[in-house]
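User: Could you walk me through reading a few features in a model? I'd like the general idea, then the case at hand.

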Amino acid sequence: MMPGVRLTVGSLLYPQVREYTRTSTAIVNAYLAPILSRYVEAVDGYFRSLGAKNPVRYFQSNGGLALGSVVSDQSVYAINSGPASAPQAALYIGEPWGLQNIITVDMGGTSFDITLTRDGRANVSKNIDFLRYRIGIPMIQVETLGAGGGSIGWIDSMGLLQMGPQSAGSEPGPACYDQGGDKPTTTDANLVLGYLNPDGLVGGRLPLAVNRARTAIDAGLAKPLSLSIEQAAYGMFTIVNNNMVNAIRRVSVERGYDPRDFVLNCAGGATGAHITALAREMGITRVLVSKLASGLCAYGQIISDVKYNYMAPAPVRLEGAAAAAKLDGLFKGLEARGVTDLKKDGFTEDRISIRRSLDMRYVGQVHECTVDVDPFALDEAALEQLKAAFHARHEELYTYSEPASVVEVVNVESAISGRVDKPRRMSIGKGAGADKALAGTRAMIFAADGVAQDTPVYAGDKLGAGDRIIGPAVIEEVTTTLVVEPDWTAELTESGVYLLDYTGVLHDHHQLRHGRRLRPLPHR
């Protein structure tokens, strides 16, 4: 009756129980679909005009790529899709060391994004609240905070220093950009602390005005708080770090994970100045910083596989052969659809993989939790494996389980992936020693007293594989600046990744907070 109008059918887009979530998800998709369809058509048309023979693929918030036609129909999968590629890049970076428990933090100009992978799998959330809309589809959990290089420092009604979420953005930007901004920002603080090169960022193409930064911090914060400019700058640095640490806890501690069991991976151009301070505060003793850090999410999209999610409601108690047969039939039906769709996209059987998950709960509970499982034949005996996996996940999330209680399934889901070819790794030649890359020294501040110390600065493009730097120090890459705090070491590896290790003993308040003393990892 309405030709040319794009339809969203909630029971097809999100075939799961809970009508409010299904309706809200469908409404968001219906709003986005016409806009995204026009975008996809314009991009596809542009590349066809250049002679492209293969279709353009787009990244989704579920952590995989999809064709434009799929993204147009399921536009809700595009929400927050940019930072959702970080886990894939983190795993690729950590692969030479066998690292699969990785927290990735990405600080840009206006925001700070956190993602987590455990045992090689990214945290996936369902039923999230995006702004004021409930979205049910599976999405890589991305915790976003209003903390970036442009975050503005201000004094609240109680006379306390705060950072963000207000941001100077790119226009006018931080005061030190000398583009008309007069508010003190994170970037201004990092410049006053000596972490950033006053000659300019991006290889000197963006000069920085130290006097503008000092004036903004002095007028906005230092004088009202009766602090020196340096003390105020370090206070700004500390508070923005604490804000970011609290956000990291939301994807780790609040999801049942101990951050000390993870390495911290650096993404984004502004993160390098804060990464060792964040790791220290979290009790994490190993950090990864790639030379590609400023474009890590884009790189993650290049190496990501095609991925589609197929879902079905399954109100079944995990008891008896009939329940096992019903679940087995649902999974096989979903996976047959997925394999067919990927074969149409050009993938052969040997490049297709399947992951399963079930939304489960104890009978009588209102909410369920998602349990990831490997594909296996679902007979009556296998139901015990599903129960054991649910009990373990429930204990991770809520610190208890009820093995004697009856378990029921609410929904099932299969994620079908088609493996794409990966680009070759970066390869760095052997270094001649860190001394060859020493570019000079700069006065830097690493403590609340605001006292500066002469600190070495190294040119990242002159470092080679095996070159090792002992903090305090700064390593300047073209698109990022890496601050190596005292008690940290940094070694550039053959794959273009800086491996940072904590060599000191964490302060007592960290040890008490986490309940045990931490020892540094042995140097590799």
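User: Which strand is joined to strand 15, and by how many bridges?

Analyst: Strands here are DSSP E runs of at least two residues, numbered from the N terminus, and two of them pair if DSSP finds at least two bridges between them. In this case strand 15 and strand 18 (residues 407-418) run antiparallel, joined by 10 bridges. One of the residue pairs is Val-316 with Val-409 in strand 18. Keep in mind that this is a predicted model: local features need pLDDT of at least 70, side-chain atom pairs count only at pLDDT 80 or more, and totals for chains, interfaces and linings use all residues. Residues are numbered from 1 along each chain as its sequence is written, and side-chain values use heavy atoms, with hydrogens and water left out.

User: How many residues of strand 15 are buried?

Analyst: Buried means under 20% relative accessible area, exposed over 50%, and partly exposed in between (1.4 Å probe, protein chains only). Strand 15, residues 306-317, has 9 of its 12 residues buried, so call it mostly covered.

User: Where is Glu-477, and which residues does it touch?

Analyst: Glu-477 sits in the loop between strand 22 (473-476) and strand 23 (481-484). Contact means heavy atoms within 4.5 Å; leaving out residues up to four places away in sequence, Glu-477 touches Lys-291, Gly-460 and Tyr-498. Glu-477 counts as buried because its relative accessibility is 16%.

Conventions: Helix = DSSP H or I, 4+ residues; strand = E, 2+ residues; numbered from the N terminus.
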